[in-house]
Amino acid sequence: MTFYILIAGIIFCMVMSIRTLFLSESEAKKFSLEDMLWLGNLYATLLVGFALIYLLYELQNHSVILDMGNRLDGTFSEQLKTSFYFSAMTMFSVGYGDISPIGIGRMIATIQAFIGYTLPAAFVIRAVIDFEQKEKNKKK
């Protein structure tokens, strides 16, 4: 039961982080250091969240990641490192091929990759819309 509560809590935190991209109540402004830090924080939240999901599945003996064709084994620390590495490679690239998802891990990795690839576009669109609204408000 704890496993499912943790998965639900992690997914909730990630969804709430993504939600802020589209539901901002702050005044429109040009891109700033604050925006860059916000984007970095959003990426970090998602990367850590997905890494923990992979790790939780592995700890429940539901293999979702193969490392060089073998199930993850070793200490908790080693599994945690591998989960973070896999999450980062899925979020920021197409991976190196040394670690691959299996089973439900393929669906989770697909969702993570989709978010990783669309997030920059969504951020740019939001920045443009915010800037246009600010310009429109200045003209009034």
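Helices (H or I, at least four residues) and strands (E, at least two) are DSSP runs, numbered from the N terminus. This is a predicted model, in which local features need pLDDT of at least 70 and side-chain atom pairs count only at pLDDT 80 or more, while totals for chains, interfaces and linings use all residues. Residues are numbered from 1 along each chain as its sequence is written, and side-chain values use heavy atoms, with hydrogens and water left out.

The protein has 4 helices and 3 strands, and along the sequence they follow the pattern α-α-β-β-α-β-α. Its C-alpha atoms fill a box of roughly 60 × 35 × 25 Å, taken along the principal axes.

The strands form an open sheet with the order E2-E1-E3 and antiparallel pairing; two strands pair if DSSP finds at least two bridges between them. Strand E2 (70-71) and strand E3 (99-101) are the edge strands, and each has a single partner, so one side of each lacks a neighbour in the sheet. Strand E1 (residues 65-67) pairs with E2 over 2 bridges. Asp-67 has Asn-70, in E2, as its bridge partner. Helix H3 packs on this sheet and touches E1 and E3, its direction making about 75° with that of E3. Contact here means heavy atoms within 4.5 Å. Axes are lines fitted to C-alpha atoms, for helices over the stretch in contact, and angles run from 0 to 180 degrees between N-to-C directions.

H3 (residues 76-92) also meets helix H4 (residues 104-139): their axes come within 7 Å and cross at roughly 50°. That makes H3 oblique to H4, since angles under 35 degrees count as roughly parallel, over 145 as roughly antiparallel, 65 to 115 as roughly perpendicular and the rest as oblique. H3 contributes Phe-86, Ser-87, Thr-90 and Met-91 to the contact, and H4 contributes Ala-109, Gln-112, Ala-113 and Gly-116. These residues divide into 4 nonpolar, 4 polar and no charged. Ala, Val, Leu, Ile, Met, Phe, Trp, Tyr, Cys and Pro count as nonpolar, Asp, Glu, Lys and Arg as charged, and the others, Gly among them, as polar.

A pocket, on a 1 Å grid over the protein atoms alone, is an open set of points where a 1.4 Å probe fits, with protein on both sides within 12 Å along at least five of seven lines; lining residues have an atom within 4 Å of a point. H1 gives the most to the lining of the largest pocket, with 5 residues. The lining divides into 11 nonpolar, no polar and no charged residues.
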